[in-house]
Amino acid sequence: MNPKNNLIIGIVIAAVVAMSYNIDANPVEFVEGIPNLAIVAKEMTEVELDLFGTAFWSMLETIEMAFIGTVVGVAIALPLSMLAARNLNRKLVYVPIRALLAATRTFPSILWAILFVIMVGLGPFAGILAIIMYTIGFITKLQYESIEAIDSDPVEAVSSIGVSKWQLIRHVVVPESAPHLLSQILYMFDYNVRQTSILGLVGAGGIGFYIINYIKFFEYGKAAVFMLVVLITVLLIDWASVKIRDKYIVKAQEGMQVKI
Amino acid sequence: MTLFSKASSTHSFSNLSTISTKTIIQMNDVWASYDAKNYVLKEITLSINSGTNYAIVGQSGSGKTTLLKLINGMMTPSKGQIRVDYQIPNTKNDKFKKSLSKIGYIPQNLGLVKNISVIDNILIGALPRISKVKSFFKIFPQNEINEAEKILHLVGLEGKRDRKTYMLSGGEKRRVAIARALMQKPVLLLADEIVSELDHVTAREIMDLIADAQKKFNLTAVMVHHDIQLGLKYANRVAVIKEGQKILELGVEGDKIVDFQSGNTSQQEILELYNTNES
Ligand SMILES: Nc1ncnc2c1ncn2[C@@H]1O[C@H](COP(=O)(O)OP(=O)(O)O)[C@@H](O)[C@H]1O
Ligand SMILES: [Mg+2]
């Protein structure tokens, strides 16, 4: 560890302390608050089992919202990513599209949800629209980056036999970037389920609606049921996507690395 | 009527007596460069007759690949004239696109699509003939699929039909690239150092395969080699390139090698010129 590194670490620590003071974040309050957590935890153990049915159905709604949002978002993102890729388009095409997408990504999904609740009213539909917007922003970026990174050899070879641009995209670009796509979609769905679970906070449907309401009325035992269902679902989806990824993607990626 | 359109219509009943001695590639004093300062090809003049098996040999960096790229129009010359089938080759020119579909170009890196099957790679050669809508949904007409299966057999890959190409050996990959080129129903085959990285046995199998296909489909072949022996063994004509210039154009007559460029038949002098190229 050299003096320069020590100086940087010192400055960072000083900054954290100064900023905490500025926003009035006091660690003492954290320690003093620990007993409160025990109260919450105790109430949480008094779970109301008859709520599991409701929790299950609202979780199902959440998954459905995430699923629709992911599928529709990906379907819109794919053609957009073709237009946003620098190696397939002229500047006039990709620059405005990329700017628009960058703007889309600056909004977290909860802000999109507020916007759509205002637009189409309370309920899952607003949540789905929010997930779609978020998915478009991210999948398009991930996809045009993998399209730009594909091997240029087959692109050159196949364009030199006189195929059209869309034939080239369909028969070379898509298959070359596809192994990444499956893993990106899985990741996005996984992430969207978590996101959708909290969209209920602003009235955009899903299980979050119950959680926020029970917490508002200090019914931690009831909220705990719903939180437990979210936890189990997220773990299950995580486990399933690891399985799918291992089965299909590891093999395909080997192919990406093998050079002729 | 150009050679290309004629050849495509006679493809199915190839008749030896119809082989013409037309010039298929003509270059006159061609110069080429990548950066407008240094010429990587200088004063190249050559003419290749239809049906010839033409070889271009030279050390690495001598300009062989550039010469092939000029022929299929991936590059255009800085100076001089090129005609391929009486047209100016340029991949960006839509008029040349039809001819382009008749030029089977196998780059040194082969340019296979790694994540799709052997048969799908071969079918890519048919794309210029397929309507845009059908090819978008990967719907190939039955006769094209039959053709692809036939070519798959010809190149000896019938057992690997649905294998992803990244799983294949170097020799098998070259067979796929040859098959894709043949699927174009080409009139002209361009191959860049297709056997350079292979062991002797495999290299020979691949060269024999190309020779067979050439006879069968009445192709003109222009093949780049690193090794002059390969050129002399398989080609009718061998252009030797050194530092961007054609220094020899050899042909085998009987058991003698003739330099057509200088008219020199002295084996001693040819050997000397060739050796200066090697060193
Ligand atoms: N894309 C390129 N940009 C600039 N120079 C290049 C490029 N490709 C090839 N060259 C140069 O042109 C010369 C001839 O290259 P090339 O035709 O590939 O030779 P060969 O195929 O005989 O090895 C070399 O000096 C090489 O460095
Ligand atoms: Mg080369």
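Predicted model: local features only at pLDDT ≥ 70, side-chain atom pairs only at ≥ 80, totals over all residues.
I sorted the shell around ligand 1 by class and got two nonpolar, seven polar and one charged residues. For the classes I took Ala, Val, Leu, Ile, Met, Phe, Trp, Tyr, Cys and Pro as nonpolar, Asp, Glu, Lys and Arg as charged, and the others, Gly among them, as polar.

Residues are numbered from 1 along each chain as its sequence is written, chains are lettered from A and ligands numbered from 1 in the order in which they are written, and side-chain values use heavy atoms, with hydrogens and water left out.

**Ligand 1.** I listed the residues around ligand 1 (a heavy atom within 4 Å); among them are Tyr34(B), Val40(B), Gln59(B) and Lys64(B). Helix α2 (residues 64–71) of chain B gives the most to this shell, with three residues. Helices here are DSSP runs of H or I, at least four residues, and strands are runs of E, at least two, numbered from the N terminus.

Next I looked up polar contacts (N or O pairs within 3.5 Å). An oxygen atom of ligand 1 sits 2.5 Å from a side-chain N or O atom of Thr66(B). For the side chain of Thr65(B) the distance is 2.7 Å, and for a backbone N or O atom of Gly63(B) it is 3.0 Å. Ligand 1 alone exposes 560 Å², and the protein buries 55% of that (Shrake-Rupley areas, 1.4 Å probe).

**Chain A against chain B.** I found 31 residues from chain B and 26 residues from chain A in the contact (heavy atoms within 4.5 Å). The buried area is about 2600 Å², with 61% from carbon and sulfur atoms; that is accessible area (1.4 Å probe) lost on putting the two parts together, summed over both. In chain B, Lys114(B), Asn115(B) and Tyr166(B) lose the most area to chain A, together 24% of what that side buries.

Where is Ile194(B)? I found Ile194(B) in the loop between β6 (188–192) and α8 (200–217) of chain B. Ile194(B) is buried, at 1% relative accessible area (buried is under 20%, exposed over 50%, partly exposed in between; 1.4 Å probe, protein chains only). Beyond four places in sequence, its contacts include Ile106(B), Arg174(B) and Met223(B).

Glu193(B) is in that loop too, with a positive phi near 45°. Most residues other than glycine have a negative phi.

Technical notes. Polar contact = N/O pair within 3.5 Å; in protein donor to acceptor, adjacent residues only side chain to side chain.
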